[in-house]
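Here is a short report on a predicted model. Keep the structure open while reading.

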Amino acid sequence: MKKTFLFLFIAAVNTTMLYAQGIQQRSWVDGDSTDFQKYSSSQGVMVDESIRLIPQTDVYTPDSTRYFLYGEDRLWPIQTFAISGAYDIDLVEEKNKRFYLISDGLGRKVFEVNFTDPNNPIYPPVFTFTGQVLPLINPVDASAFYRGDDRKVLITDNGSNRVILVDRLGQNEEWAYGDGTAGRGQNQLNSPADAVALPDTNLFLIADQGNDRVIQVSQATNTVVWSYGEVDMLDPVDVELDTQRNSALITDRSNHRIILVNFTTHDIVWQFGTGQPGNTLTTLNLPVDADLLPNGDVLIADTGNKRLLQVDPSGNVVWKFDHRLLESLRDADRLPDNRTLIIGNYENVLQHIPIWLGYKDSLFVSEWAYLGQRVNFETLEWDAEVPTGTRLKLQIRSADNAVDLLDSPWYGPTDADSFYTVSGTPVNQNHHQGHSYFQFRAYLETDTPLQTPSLTNVRLHYQYYDRSQSGTLTSDIITDSSGVIISTWKTLNYETSQFEARNIKIDILNASTGGVLKTLYAENIGTVQNPISLSSFEELKSIQAIRLRATLNTSLSYRTPELLNWGIEWTSTQSTISQILFLNADDEAATYYRATPDNPPKEPFVDQAIVRLVDQNLTTVQNLITLKINALKSHDVLDTPLTLRPEGWFQNTGIPLVIAGSEVPGNTVLEVQDRDTLVISYTDPTNPLDVNVDSVFIIQNSVGHLNIVDHTDTPVDTMSIGDSLFVRITGERDHNITRLQDTIWVDVLNNKTGDKELIPLIELADSAANFATGHFISMVGLPIVLSSAGILDDGKIQTLSGNKINVSHVDNVTLQDILEIRQLPNIDTSRAVPQGLIDFDVAPNPFYVHRFDRIKMRASSAVSNLYVKRIEIYNLAGARVREINGSTVSFDLAQPIPRGTFANTETWWDLRNDNGNFVNSGTYWIKMIGSITTSTGGSSGDVSTMRKVIIIR
C-alpha cells in the first residue's frame, strides 16, 4: 500500500499561468498526518496512513483455570507392598541400594523393603517387625542408625507408650523405654510420637506427646537425663537432632510452631510460627513434621494448611508446595534427587500411603472458544509464574467453525515450530485473521522436581468491525486564501483499498451551510485511483468553500474499507497579501485576551493565544514557520510553530496563558501578568520588505457580581411602579481594558410587555483616581412605568403589576438579577367610581408595619380633573406630623388626574415625620389638598378632604 498521510490537508499552488489575468491551477491534497486535532470527525473512523473504520476491541478469557504441573512423581505400589495406614517412612541408602523403612500404624507393623528399582521392585521385604516382648499397637515412627558397623532400628509405638530398639533385621528387641502403661514417672511415656538416637552415644531423644515434653533418655540407666517442655509446649509430635547447634528441633503441633531448643541453656534459639494458627508465610496450622535439611533449611509438613514449606535459617520461606492441597499430611522427607517423599491420603485411596512428589513436564489443551463473530486476532496474554529452571510456552489454532478447528494446525507467533513465550506477543495474522473459533495449548516444563511453572487467565485480544455502524470523516474547510476567487472546481481524486462487501461514499459539502452538494461512491474492488471531473457539476459553481466527507461501512466483521488518500483541484487567482494577527476564540482579530492563574483554567471562555499568518508567497516554499511571542511585562518569550492550514494561511494551536509573577523557561505556556502586552512580529522570508507586527492586551479574568439596587444602593428584589431601578456590578476587573474610565452595558428585559432597554454602567475610580476597581454603577435610574406595551430603548421600562424584570450582563459567564414589580394598590373595590370634588383612599387600613412594606393610596375627582397639591398628616391630638408636596408623589397616572379615574401610588409616605423619624403606632388623619379645573380649563381653587388611618407596629 502506498504510504500517505491524511490529516493536514495542504493547499498546494501550481504557479503555471493559464492566461494573462493570473488564473492559476491549484489543488488540495492530503499531507502530514500529525495535525489530527483540526478535524471535525464523527465517531467510527481512525486515521493515520489511511482512513478506515475504527475496530472494536475486545478480550476473551476462554479458561481461567490455573494450569500447573501436578507435582506427583509416583505412588507407593500398594499392589506389591500392602499398607494399611502409614505414619512415617525413612530412606535408608546402603551399598548402592535403596531401602525404605515404613511405620504402618494401622497395620501394627514396621517393615523395610529393598526399593532399588522403584519401577520394578523385585526384592521382598528385608524384615517385618510386629513386636516381641509386647505386640506393636500403633507404631508411628521408625528410624535406622549405626553403632559402629551395626545398623539398629528405633521404633516409636504410640499405642503401647514405648520406644523400642531392635537389631538390623528386626528380629530381636534389644531395649525399650516405657513399661506399656501411660504415665510420666520413671520408665513411663504417654503416647510418644517420635524418637531419635544421638550419634555415638547411648542416648535417645523422645517426643513424649501426651506429657507435652521432649526428653533425653539413657539406655544404660533407663533414666531421663534431660527434659524440656511440660509447660511451654503443647502436643510435641516430632523431634530432630541439630548437632551443629547442640539443639533439638521440635515440632510443637498445637502451639503451631517449630522451635530449636538448646540442650545446655534450654533457650529457644530459633522459631518459625507465631504460636497462633494461620496460613500466611509466617504462620502454621497444626504442623506434624519438621526435617533439618543439609543446607540448614527446615522442611515442614504444615498439616492444617495441607502444604509443605521450606524455611531458611532467617525464617524466610524459600520453597513451598501449596498449589494443590496435600490431604492428611503425616510425614515429609527431602530425597537426595530433590524429590519429596510424604505420607498422606491420595484422592480416592483413603489409607495413608507414601507419595513421591516431583514435577514433570506436561501438556495442557484448553476447551475451544467461540468469539461470536469473525475477528482479527491481536495479542495473546496470560498470567504466569515461571520460576528459575522452568519454562512455559503456548500455541494456538483457529478456524471459522468448530469442525475445521479440530483439523487446524497449531501455530506460534511465526509458524508451527514457534511458541508464544512472552505474554502480550502479537498473534500471527497470516494464520488467524478472520476466524471465530480458537483454542490454545500450553507446554509446562521443568528442570527440577522442586519447581513448576503456573499458568492462568489466558486472554486473547482481538478486533472486529461493527457491521451496523458507519464511520464518517469530515475534512476541514477547503478554500483559497483571502482575496482569491475560485473559478472552477476541477477534479476530485481518491485512492481506495477495498474488498468484498464494503464501500466508501464521498460527499462534497457546502462549507457555509453544511448541505450536500454532490455524492460520489468508491465501490471498485481492489486498489483504485479514481479521478472524477467536477467541472460539469452545476451544484459546485460559485461555491467558494467546501468540505469533503467520507462515509465507510462494511458487512464483514473482520474487514474494513480504506481511503488511502483524497484530494481536489481547482483554478483561482493568486493573492500575495501578507498579514499577521492575534485571534480570539471566535476566529476574529483579538484586542485583548483574558487569562487566569489556573492551568488548566477553572472558568469557561478563558482565552488562548492564537496567531494567524496570511502570506500566500510563503505557502509555495514551506509548510511550517516558527515565530516568537513576547510578553512585555512578564518578559516571557515562547516559540510558537505556525502550520500551513488548508485555507492557505499559517496558524498555531492555542497557547495557554497563565497569570504568573514571572516566566518559567522551557515550558509550553505563556506566563503573563495582568495588563501585560503580547507582541509578535513577522518578516516575509521571500520579501524582507514585507514586515508585519501585531499586539494584544492581557487582562486577568474575573467573575463579577450583579445586583439590582434602589437609589440608596441597597439590593432589592421588588419595586413598585413609579420607582427607578439602578444596577451595580462589582468585581469586573477584566473589563478595565484601558487606563481610562470604562463603560459596560446591561440588558433590562420584561418578557411580558416585550420591553428591552440597554443601560450603561460607569466605572468608579479608587481613592487614587485610578480606574481599576471593577466596580460599575448606573448613574441614572431607569424609571418603572405602568404600561402593557413595551417601547424599546425609550429610557423607561414598561411593565404591569406582578411582572418580573430580568437584568443581565454577558461576560465570561452570564450575570443576572430578577426584580418583581409589586401589585398595584387594591383599595375599596366596592367603590369603583369617584365621589365628590376630591376623593382618596389609603390601604391597608389598619396598616401593620411588620406585614406590609408600603402603604398605598388612590386619588381622583368625580367632577373634574384633579391636581394633588399637598398631603398633610396629623396625629390624634391634632398636631401635624408630616407635610408632603404633591409634585413629589409618583402616581401611576400623570397629574392632573383625569376626572372619574383613580390614580394609584405606593410611594407617597415612608411613615416618617418631618424630622425623618418613623412614626409610632396610633391613629392618624390624612388630609389631601388639591385643585380642580373648570370646564373652561381654569382653576376653581383649593379643595380638600380627610381620611383616617391606623398604624400598628
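## Aromatic pairs

Ring pairs join Phe-145, Trp-175, Tyr-177 and Phe-204 into a cluster. Across the whole structure, a search turns up 20 aromatic pairs. A pair of aromatic rings is described by how far apart the centres lie and by the angle of the planes.

Take Tyr-100 and Trp-356. Their ring centres are 5.5 Å apart and their planes stand at 85 degrees, an edge-to-face pair. Tyr-100 belongs to strand β9 (residues 97–104). Trp-356 belongs to strand β30 (residues 349–357). Tyr-100 and Trp-356 are both buried.

Now turn to Trp-909 and Tyr-924. Their centres lie 6.4 Å apart with the planes at 70 degrees, so this pair is edge-to-face. Trp-909 sits in the loop between β70 (903–905) and β71 (922–933), and Tyr-924 in strand β71, so the pair ties together parts that are 15 residues apart in sequence. Trp-909 has a relative accessible area of 4% and is buried. Tyr-924 has a relative accessibility of 8%, so Tyr-924 also counts as buried; the cut-off for buried is under 20%.

## Lysines over rings

Two lysines are placed over phenylalanine rings. Lys-109 lies over the face of Phe-111, 5.2 Å from the ring centre. Lys-518 has its charged end over the ring of Phe-537, at 4.5 Å from the centre.

Is strand β21 buried or exposed? In β21 (residues 247–252), 6 of the 6 residues are buried, so the strand is largely enclosed by the rest of the structure. Both of its faces are covered. One side carries Ser-247, Leu-249 and Thr-251. The other carries Ala-248, Ile-250 and Asp-252.

Strands of a sheet pair through backbone hydrogen bonds, in a parallel or an antiparallel sense. β21 pairs with strand β20 (residues 236–242) in the antiparallel sense, over 6 bridges. Here Asp-242 has Ser-247 of β21 as its bridge partner. β20 and β21 make a hairpin with 4 residues between them. In that turn, Asn-246 has a positive phi of about 50 degrees.

β21 also pairs with strand β22 (residues 257–262), again antiparallel and over 6 bridges. Thr-251 stands opposite Ile-258 of β22. These two strands form a hairpin too, with 4 residues between them. His-256 in this turn has a positive phi of about 55 degrees.

## A four-stranded open sheet

Which strands make up the open sheet, and in what order? The 4 strands run in the order β24-β25-β26-β27, with antiparallel pairing. Its edge strands are β24 (289–292) and β27 (317–321), each pairing on one side only. Neighbouring strands of the sheet are turned by 15 degrees against each other on average, direction ignored.

Look at one end of the sheet. Strand β26 (residues 307–311) and β27 run antiparallel and are joined by 4 bridges. Val-311 has Val-317 of β27 as its bridge partner.

## Backbone exceptions

Most residues other than glycine have a negative phi, and most peptide bonds are trans. The residues below depart from one or the other pattern.

Two cis peptide bonds involve proline. One joins Asn-845 and Pro-846, with omega about 10 degrees. Pro-846 is in the loop between β65 (839–843) and β66 (847–848). Another joins Gln-895 and Pro-896, with omega about 0 degrees. Pro-896 is in the loop between β69 (880–885) and β70.

Ser-328 has a positive phi, near 55 degrees. This serine lies in the loop between β27 and β28 (331–334). At 30% relative accessibility, Ser-328 counts as partly exposed. His-635 also has a positive phi, near 70 degrees. The loop between β48 (624–631) and β49 (637–644) holds His-635. Its relative accessibility is 55%, so His-635 counts as exposed; the cut-off for exposed is over 50%.

Key
Residues numbered from 1 in each chain as written. Predicted model: local features only at pLDDT ≥ 70, side-chain atom pairs only at ≥ 80, totals over all residues. Heavy atoms only, no water. Buried < 20%, exposed > 50% of the residue type's maximum accessible area, 1.4 Å probe, protein only. Pairing = 2+ DSSP bridges. Axes fitted to C-alpha atoms, helices over the stretch in contact; angles between N-to-C directions. Phe/Tyr/Trp six-rings, centres within 6.5 Å; stacked < 30°, edge-to-face > 60°. Lys NZ or Arg CZ within 6 Å of the ring centre and 35° of its normal.
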